[in-house]
Amino acid sequence: MSTRPTKSETYDIVVVGSGAAGMSTAITASKLGASVAIIEKEPVFGGTTAFSGGVLWIPLNHHAKDAGVNDDREAAITYMKEETGNFYDAAAVETYIDTGPEMLEFFERETAVKFVPTLYPDYHPDQPGGVDVGRAVLAAPFDTSALGDNLKRLRPPLATITFMGMMFNSSNADIKHFFNATKSLTSFVYVAKRLLAHFAEVARYGRGVQVTSGNALAARLAKSAFDLGIRVYTDPPAEELLVEDGRVTGVRVPGATLTARKAVVLASGGFAHDVEKLQKAYPHLRRGGEHFSPVPEGNTGDGIRLAEAIGGDAPIEFKDTSAWMPVSKVPMGNGKFGAFPHLLDRYKPGIIAVLKNGKRFTNESESYHDVGAALTRACEGQSETAAWLICDHTTIRKYGLGFAKPAPVPLSKYIANGYIQKGATLAELAGRAGIDPAGLESTVAAYNEHAVRGEDPEYGRGRTAFNRYLADPEHKPNPCVGPIENGPYYALKIIMGDLGTFDGLKTTVNGQVLTKDSTAIEGLYAVGNDRASIMGGNYPGAGITLGPAMTFGYITGRHLAEQS
């Protein structure tokens, strides 16, 4: 099911893109009395949001306050100054910190969007202004059958992070029961009920309808938009911005023109699949390496390109132009691969990452962005930017590795299709994976010498609250560090991916697009990844993409609705 406008129409605001940024802008403006239409070039709505973790980084949020967590405005500002460095934008950052809590309360009070608190620490909690808990909130689970016929147009979750299309609860209670299903009667019964309910949903709706994380956020935003009567068109790409007397007055789509009395808002998700721009922006591509992004393939930089065509400025200036995510390529059959984002396994004890020379290059328990940045820099001067996750048999059966699941799920399929390499010895494993054998043996020996005591003097794994948050709390004395000692051994190749781009259009705080001489383009705004990130190419904490996306969407929507 898809929709396209069949005739020319007029609205106060036309939004290009249907992720959290675009939806937030549209919902806010509509709530304040503006007429709004959303156009999405793909047949499904939800954008990258529907693939995401559904977390928002909102300092001083009311969920933290209600839980008794004390945060401080000056601490949040200090942390942002530390994280953004030379790209610190005082006006934008302070507006974000001051308005984020208001945005959260607005959506929870006025719409179907709901959040729950998390225990996520900031990604660098030991930096000045960093905290161990309280700034991240998560979209509450949602029953997407509430979307009715529009359920068919909701982007499904990323296939590689589901189990037979089923999403797990954020508490990880589901995951623990699934791993213990053959060991515990309670877990067996729990899993049986979950599977039966899921299969019943698939039979009735064609997909599972109990969703979590970013899929729940996208669905809740869409439900809110539909409740307001906002027209959400899917399939029509934005072909051209209409300009009269220097002012953007609308957008042309195939077969129709959508006129915007107040503004066109660009929210098309950045340029994660703009091949030409990526070749210039990504150092690992410039030197001949590979990049495999799990974000939707439709994120080809359309909004940025439309703005640049009429003078908008979108320089590539951040040291890290994207939010890096190490991924592995999962064979899906028929020569196709899915991207598996390595969000959890790197933190577990007994798993390390090495380069082709067999040497470690970073603290594996830092954030995906930090590990990705370290990998990019460690491979300077090489044609390939890649690393291998290494572990022993005990570890892989306990935690899994990438897309390969823990016991009791067999490993044979993943070894047979080449996703994972296996060796009776470290030298044999290295030979099969293309790693230097002597380097790997030396690295593991040096690592094990300290790992048996839970220590990592080389890179300090487990030293921060964030390192420990996604590790194994039952593993003592360090939840992140354990030896690699019981063969056979396993290796999984990881390459560079991303969660979206940081560089984007220069704008005012309210989102108005600027030219190279900092002149505002009348009638044109940008939000989300089409707008340059206030994070300056860094990744301070969980939700630093969706937090600004919704907050500045709220700011832009409110600003436009209040215009006469």
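Helices (H or I, at least four residues) and strands (E, at least two) are DSSP runs, numbered from the N terminus. The model is predicted: local features need pLDDT of at least 70, side-chain atom pairs count only at pLDDT 80 or more, and totals for chains, interfaces and linings use all residues. Residues are numbered from 1 along each chain as its sequence is written, and side-chain values use heavy atoms, with hydrogens and water left out.

Burial is judged by relative accessible area: buried means under 20%, exposed over 50%, and partly exposed in between (1.4 Å probe, protein chains only). In helix 11 (residues 368-378), nine of the eleven residues are buried, so the helix is largely enclosed by the rest of the structure. The buried residues are Y368, H369, D370, V371, G372, A373, A374, L375 and T376. Their cover includes helix 9 (283-286), strand 12 (322-333), strand 15 (386-392) and strand 17 (489-501). Strand 10 (residues 247-253) has five of its seven residues buried, so this strand too is largely enclosed.

Strand 10 takes part in two hairpins. Two strands pair if DSSP finds at least two bridges between them. Strand 9 (residues 240-244) pairs with strand 10 in the antiparallel sense over five bridges. Within this pair, L242 has G250 as its bridge partner. Two residues separate the strands of this hairpin, and D245 in the turn has a positive phi of about 55°. On strand 10 and strand 11 (residues 256-266), four bridges form, again in the antiparallel sense. Here R252 stands opposite T257. Two residues also lie between the strands of this hairpin, where G255 in the turn has a positive phi of about 80°.

An open sheet is formed by three strands in the order 3-5-4, with antiparallel pairing. Strand 3 (55-57) and strand 4 (115-117) stand at the edges with a single partner strand each, so one side of each has no neighbour in the sheet. From one strand to the next, the twist averages 35°. Axes are lines fitted to C-alpha atoms, for helices over the stretch in contact, and angles run from 0 to 180 degrees between N-to-C directions. Strand 4 is joined to strand 5 (residues 136-139) by three bridges. In this pair, P117 stands opposite V137. Helix 4 (residues 90-110) packs on the sheet and touches strand 3, strand 4 and strand 5; its direction makes about 145° with that of strand 3. Helix 17 (residues 546-561) lies across strand 3 and strand 4, at about 75° to strand 3.

The loop between strand 4 and strand 5 holds H124. H124 is buried, with a relative accessible area of 13%. Contact means heavy atoms within 4.5 Å. Leaving aside neighbours within four places in sequence, H124 contacts Y79, E83, G130, D370, N538, Y539 and P540. D370 is also one of the buried residues of helix 11.

Grid points are joined across faces, edges and corners, and a volume is the space filled by probe spheres set on the points. One cavity of 30 Å³ or more is found in the whole structure. The largest cavity has a volume of about 160 Å³. Its lining comprises 14 residues, with G528, R531, S533, T545 and P548 nearest the centre. Helix 17 supplies the largest share of this lining, three residues. The second largest pocket has a volume of about 360 Å³. Of its 16 lining residues, F51, L158, P294, V295 and E297 are the closest to the centre.

Most residues other than glycine have a negative phi, and most peptide bonds are trans. A cis peptide bond joins A407 and P408, with omega about 15°. The bond from K476 to P477 is also cis, with omega near 0°. P477 lies in the loop between helix 16 (465-469) and strand 17. N334 has a positive phi, near 55°, and is exposed at 81% relative accessibility. S518 has a positive phi of about 65° and is exposed, with a relative accessible area of 54%.

Terms used
1 Å grid on protein atoms, 1.4 Å probe; cavity = no way out; pocket = protein on both sides within 12 Å on 5 of 7 lines; lining within 4 Å.
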